[in-house]
Amino acid sequence: MTRVLHILDHSLPLHSGYTFRTRAILKAQQAAGLDVRGVTGLRHAGGDESVETVDSLTFHRTSGAASGPPGLREWREIARFADGIERAVREWRPDVLHAHSPALCGLAALKVARRHGIPLVYEIRAFWEDAAVGNGTGREGSLKYRLTRALENRAVAGADAVFTICAGLRDDLLARGVSPEKVALSPNGVDLSLFGDPPPRDHALAAELGLGDGPVIGFIGSFYDYEGLDDLIAALPSLRERAPGAQLLLVGGGPMDHALRAQAAASPAADAIHFTGRVPHHAVERYYSLIDVLAYPRKRSRLTDLVTPLKPLEAMAQRRLVAASDVGGHRELIADGETGTLFAPDDPIACAAALAGLLADRAGWDAMRERARAHVAAHHDWGRNVSRYQVVYHRLLADEANGAISAAA
């Protein structure tokens, strides 16, 4: 049985899009007959255990911290993380190392992979320098931005094979000169076994929130600037001119929470905008049951053009209607008029018009929902997509047996 050690920034029991993708990959690989474990870096905030089992998955933990000025601090972090990976490798003896972005994971894994002659796969879920710009913690072109990009290039160059989660990221790597033969796709996906028939509307919760009969436009997730929720709030007055009962339900929180609440309070449609704050993960399904259309009005940026988000796929898997801005990451997931609705980004009027058109076409809702679910099943089901990894693993292990991958001197 092939053993694969996944090198991770953080993992369960923490909840994030990153940890849910990791869980889906590891569970699908287990079901396919692989033996898998994970090892997390210094940024995983958890307990004191050196090895932890969560949801029948085993994770090795790296303890400690790294300090110093930018640049030096990252190299110290890589060194500490490499020590943690080394301990897991000596204890468990994996056949393949599979590192997941950020680049700190890839570079720490590279040290250990070359020391032991183990094949290394590096997977990019986003370019973290662009993610930092998107969430307001970085600036494009800054020293930190350039350093992060350089580390990414170094990790890609050192890996034996590279995966990206979407075509946008792959094409950007190819433009940097990376060989097309080195880069494969592992699209964002969902575990369809987790999504059955959508639950009936929770009328008690709807009454508690004051939603009335709707229709309800909703967003469930983190409130970052790049998500474009300010455009969604700005679109509501125009939408209500064509759909007077329309309500907006915003579930979650984040850096833009205060600004969005202030904007909503000043809106002519203030009474129709509802904030719930963050809700427990186990209760999220109750809020999904209230929403007629999930809206994803992402602003246009390098991040949103290059990266495919997970939330629309989860909504489509639940047979929910989706409306999203026409940025590159959404175009890879949604066919306008077939599996969802796309509208011009950064344009509240276009957003309102698209939502109004979708709300007016109730006769077509069931067919669109079924097309969306079928699209996810055909192209984004982890039960199927996990085979993409195995093809690459087998090739690298064959290369290793033939001496193409060797330990550093």
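Modeller: The side chain of Thr19 reaches the backbone oxygen of Leu14, at 2.9 Å. Keep in mind that this is a predicted model. Thr19 sits in helix α1, which spans residues 17–31. Is Thr19 buried or exposed? Its relative accessibility is 1%, and buried means under 20%, so Thr19 counts as buried. Leaving aside residues up to four places away in sequence, Thr19 touches His10, Ser11, Leu12 and Leu14.

Thr164 belongs to strand β7, residues 161–164. The side chain of Thr164 reaches the backbone oxygen of Cys166, at 3.0 Å. The relative accessibility of Thr164 is 0%, so this residue is buried. What does Thr164 touch, not counting residues up to four places away in sequence? The list is Ile124, Leu169, Arg170, Leu173, Val183, Ala184, Leu185 and Ser186.

Now the charged pairs. A search of the whole structure gives 28 salt bridges. One of them joins the side chains of Arg3 and Asp35, with N to O at 3.5 Å. This pair links distant parts of the chain. Arg3 is in strand β1 (residues 3–8), Asp35 is in strand β2 (residues 35–40), and 32 residues separate them. Arg3 has 29% relative accessibility, so it counts as partly exposed. Asp35, at 24%, also counts as partly exposed.

Next, Glu52 and Arg61. They form a salt bridge, and the closest N and O atoms are 2.8 Å apart. Are these residues buried or exposed? Glu52 has a relative accessible area of 16%, so it is buried. Arg61 is buried too, with a relative accessible area of 12%.

Then there is Glu370 with Arg319. The closest N and O atoms of this salt bridge are 3.0 Å apart. Glu370 lies in helix α15 (residues 365–379), while Arg319 lies in the loop between α12 (311–317) and β13 (321–325). The pair therefore ties together parts that are 51 residues apart in sequence. Glu370 has 41% relative accessibility, so it counts as partly exposed.

Last, the helix packing. Helix α8 covers residues 229–242, and helix α9 covers residues 257–265. They pack at an angle of about 10°, and their axes are 10 Å apart. From α8, the contact uses Leu229, Asp230, Ile233 and Ala234. From α9, the contact uses Leu260, Gln263 and Ala264. By class, there are five nonpolar residues, one polar and one charged. Asp230 is the charged one, because Asp counts as charged. Gln263 is the polar one, because Gln falls among the others, which count as polar.

Note on methods. Residues numbered from 1 in each chain as written. Predicted model: local features only at pLDDT ≥ 70, side-chain atom pairs only at ≥ 80, totals over all residues. Heavy atoms only, no water. Helix = DSSP H or I, 4+ residues; strand = E, 2+ residues; numbered from the N terminus. Buried < 20%, exposed > 50% of the residue type's maximum accessible area, 1.4 Å probe, protein only. Polar contact = N/O pair within 3.5 Å; in protein donor to acceptor, adjacent residues only side chain to side chain. Contact = heavy atoms within 4.5 Å. Axes fitted to C-alpha atoms, helices over the stretch in contact; angles between N-to-C directions. Salt bridge = Lys/Arg side-chain N within 4 Å of Asp/Glu carboxyl O.
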